[in-house]
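Please open the model in a viewer and keep the selection panel at hand.

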Amino acid sequence: MELSDYIRTLRKNWLLIVAVILVCVGAAAAWSLTRTPQYESTSKVFVSAQGGTSINDLQQGSTFTQARVSAYVDLVSTPTVLDPVIEFFDIDTTAAELDKQVRAASPPDTPIISITATDPDPQVAAELANAIAASLSATVVDLETLPSTGSSPVKLTVVADALPADAPATPNVPLNLALAAVLGLAVGVGAGVLRTALDTRVRTPKDITEVTDRPIIGAIPFDPNAKRVPIILHADPRDQRSEAFRALRTNLQFLDMEGGHSFVVTSSLPGEGKTTTAVNLAIALADAGKRVVLIDADLRKPKVAEYLQIEGGAGLTDVLIGRVGIDDVLLPWGGRSLRVLPAGSVPPNPSELLGSAQMHALMTRVTTEADIVILDAPPLLPVTDAAVIAARTTGVIVAVAAGTTTRHQLRSTVDILNGVDVRISGILMTMVPTRGADAYGYGLGYGYGPDQQPSGKVSRRRSRRRD
């Protein structure tokens, strides 16, 4: 992944990351606030040697005491030191339980022992630390007393009394919350990266280039009103989606179109905007002065007649079975150089009709009479009608719905077309988001965005037939 991919992942999953952080911080806060505050107090004891008047005696005594300090540190946790403290305070506990509240330590190469006591009451913690320091001093003197002299060569002196703490040592709420936030950030980012890695849907042009080397010839922005107003070029020519179809028209004219000017518009699955694309592309080409024939070759679920609000009772099916002549059902539309051949009645054998000699003859005629022929075909994965038709055309335009079509579905579509030696003229991305992480890098052109609508209001009523 490149840096831009990571940035896109963070932008796309920021809600997930924030949610994980909040959960971790909330859990840490709940845990911290339900813990009993514990206060710590520390007393310090200095270990020194007694006796000796010469420098050599003092040096030997210092070496002796430093060697004994580690033993005195371990001595703090023994019943010999703790039992007198329990008896003094009359505490209902044992030395083993009291030892859990006490810890002793000594910095390396120093004769100082730090004794820290912990308790929910800061005053008790201070008193315990001082009492244990005093008990340790007395115990060491007793243990180190020499029978020959009746005195101890070692002396322990309390050099810092423990004082009640002003704030609890645990729980450290700010630290816990900070650590929880860092943990939440790490988990959230990891979850976002994993989610992106497992997401096989086509979201960016890069996802398409990983599947096929065919050019991406357009990107149609998502419009929540697309189902209500499918023919946007007729309803609002200045809309952002209208501009995207005009950009598609321009790119299509730059393609190498040897052998004719007829294109099948299809997709992997239903609902990817193929029919809307075919109709709007045909209108855009007619607006550019091209003689265009739009054929509804989806003989299973035809939509062209419904979108264009024309009579669709008779059409392609009726021409192919010889019921009517093509001139009887090839209808002009919209006052443009556009003629439309609706699907007509739904036959029981669409694939056979589309692959028949009659279809070949029809295509030969319309391609000689028109500059460009656009055919709306069924999606490829459920049925193979589009592949059958495409064998008689210049190429196929595959519509891919951003955020819906998976890379596996697109790969299967490409494999089907390659398997029948059909040329893929280009890939068209539909339903491309105009905002958010997935909108980055699509280059939707210079059309009017959501905040760039023209001052003149254009009614978005459905287009009607113009004879």
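## Strand β5 and G218

Begin by selecting G218, which lies in strand β5; helices (H or I, at least four residues) and strands (E, at least two) are DSSP runs, numbered from the N terminus. The model is predicted, so local features need pLDDT of at least 70 and side-chain atom pairs count only at pLDDT 80 or more, while totals for chains, interfaces and linings use all residues. Residues are numbered from 1 along each chain as its sequence is written, and side-chain values use heavy atoms, with hydrogens and water left out.

Is G218 buried or exposed? At 14% relative accessibility, G218 counts as buried, where buried means under 20% relative accessible area, exposed over 50%, and partly exposed in between (1.4 Å probe, protein chains only). Display next the residues that G218 touches, not counting those up to four places away in sequence: N251, I427, L428 and M429. Contact here means heavy atoms within 4.5 Å. Then draw a distance from G218 to T250: the two are 32 residues apart along the chain, and their C-alpha atoms are separated by 9.5 Å.

## Strand β12

Move to T430, in strand β12. T430 is buried, with a relative accessible area of 3%. Which residues is T430 in contact with, leaving aside its neighbours within four places in sequence? They are I220, E272, T277, A399, V400, A401 and A402.

Select M431, also a residue of strand β12. At 30% relative accessibility, M431 counts as partly exposed. Its phi is near 55 degrees, a positive value in a residue other than glycine. Most residues other than glycine have a negative phi.

A further positive phi, near 60 degrees, is found at D421, again a residue other than glycine. D421 lies in the loop between α18 (407-419) and β12, and it is exposed, with a relative accessible area of 72%.

D415 counts as partly exposed, at 46% relative accessibility. Its C-alpha lies 9.6 Å from that of T212, although D415 and T212 are 203 residues apart in sequence.

## The largest pocket

Now display the largest pocket, which holds about 730 Å³ of space. Of the 29 residues that line this pocket, the closest to its centre are G271, E272, G273, T276 and Y307. On a 1 Å grid over the protein atoms alone, a pocket is an open set of points where a 1.4 Å probe fits, with protein on both sides within 12 Å along at least five of seven lines; lining residues have an atom within 4 Å of a point. Grid points are joined across faces, edges and corners, and the volume is the space filled by probe spheres set on the points.

Colour the lining by element. At least two lining residues come from each of β5 (216-221), α10 (240-253), α11 (274-287) and β12 (424-432). Among the contributors, α11 gives the most, with four residues. By residue class, the lining divides into 14 nonpolar, six polar and nine charged residues. Ala, Val, Leu, Ile, Met, Phe, Trp, Tyr, Cys and Pro count as nonpolar, Asp, Glu, Lys and Arg as charged, and the others, Gly among them, as polar.

Select helix α1 (residues 3-12), where D5, R8 and T9 are buried. They cover an arc of only 100 degrees around the axis, which puts them on the same side of α1; the arc is that of the directions from the helix axis to the C-beta atoms. The buried residues of α1 pack against α7 (173-198) and α8 (205-209).

Continue to W31, in helix α2 (residues 14-34). W31 is partly exposed, with a relative accessible area of 48%. Apart from neighbours within four places in sequence, W31 is in contact with P171 and N176. W31 and P171 are 140 residues apart in sequence and 8.9 Å apart in space, C-alpha to C-alpha.

A cis peptide bond joins T170 and P171, with omega about -5 degrees.

## The whole chain

The protein has 18 helices and 12 strands, and buried residues make up 44% of its 467 residues. Residues 24 or more positions apart account for 79% of the contacts with a separation of 6 or more.
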